[in-house]
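Here is a walk through one protein model. Keep the structure in view while reading.

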Amino acid sequence: MDEQEARHRQHMLAAIKVARAGMRAGRGGPFGALITDPDGRVVAVAHNEVLASHDCSMHAEVAALRRVGRLDMRGYTLYATGFPCVMCLGAILWSRLSTLFYCNDYAMAREIGFDDAAFLRDFGQVFHCTPSACGDVHLPSLDIRRLYLPEGRALYDEWLRLDNRQLY
């Protein structure tokens, strides 16, 4: 593993760690996000806050974007424990982030009770397409890459074992 791969892994593990802390505290689901600036410095870390805030938009990615405090994030990278939902992906695109790494995919989220299939069908009707999440995607403005780690799977498995888990 080269130095850059090791740094990406370290950042994803930090996102998983913050997700676990928020999940265990009952603040939201097993989702975390970390953002680095163009020099690779961590500028924001957040976990899902939906349950704690009673705000359906307080997903980890949105919370992290808000913490950065700037509109144009060209050159910045976001690490997310799960593939972003359509709301978060929209916010990521609006932020002009350059790179998104995600760990767990939609199928894994569906297995633990977070199923976006209905939302994707609705978006498909609105935009006359059939959206689906896939592996790596290289858009002109955003490079999306999967960085699967077994610790991400373990995070979702732990969510299923929590006595106080609450789906939303």
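Start with accessibility: buried means under 20% relative accessible area, exposed over 50%, and partly exposed in between, with a 1.4 Å probe and protein chains only. By that rule F127 is exposed, with a relative accessible area of 55%. This is a predicted model: local features need pLDDT of at least 70 and side-chain atom pairs count only at pLDDT 80 or more, while totals for chains, interfaces and linings use all residues. Residues are numbered from 1 along each chain as its sequence is written, and side-chain values use heavy atoms, with hydrogens and water left out.

Rings of Phe, Tyr and Trp (its six-membered ring) pair if their centres lie within 6.5 Å; planes under 30 degrees apart count as stacked, over 60 as edge-to-face and the rest as tilted. The structure holds eight aromatic pairs. F83 and Y102 form an edge-to-face one, 4.8 Å centre to centre with 85° between the planes. F83 sits in the loop between β3 and α4 and Y102 in strand β4, so this pair ties together parts that are 19 residues apart in sequence. Both F83 and Y102 are buried. The pair of F123 and F127 is stacked, at 6.0 Å centre to centre and 20° between the planes. Both of these residues lie in helix α6, four residues apart, about one turn of the helix. F123 is partly exposed, with a relative accessible area of 34%. Elsewhere, ring pairs link F31, F114, Y156, W159 and Y168 into a cluster.

The elements named here follow DSSP: helices (H or I, at least four residues) and strands (E, at least two) are runs numbered from the N terminus.

Now go to the core. A nonpolar core is a set of buried Ala, Val, Leu, Ile, Met, Phe, Trp, Tyr and Cys residues joined through side-chain atoms within 4.5 Å. The largest one has 44 residues, and M12, I35 and L78 touch the most other members. The elements that give two or more residues to this core are α1 (3-24), β1 (32-36), β2 (42-47), α3, β3 (77-82), β4 (99-104), α5 and α7 (150-161). In soluble globular proteins, nonpolar side chains tend to be buried together.

Contact means heavy atoms within 4.5 Å. A44 belongs to strand β2 and is buried, with a relative accessible area of 4%. Leaving aside neighbours within four places in sequence, A44 is in contact with A33, L34, I35, A64, R67 and V68.

Which helix is mostly covered? It is α3, where seven of nine residues are buried. They are A60, E61, V62, A63, A64, L65 and V68. What covers them includes β1, β2, β3 and α4. After α3 comes G69, whose phi is positive, near 75°.

Finish at the largest pocket. On a 1 Å grid over the protein atoms alone, a pocket is an open set of points where a 1.4 Å probe fits, with protein on both sides within 12 Å along at least five of seven lines; lining residues have an atom within 4 Å of a point. The largest pocket is lined by 29 residues, of which H59, C85, F114, D116 and F119 lie nearest its centre. The elements that give two or more residues to this lining are α3 (60-68), α4 (86-95), α5 (106-111) and α6 (117-127).
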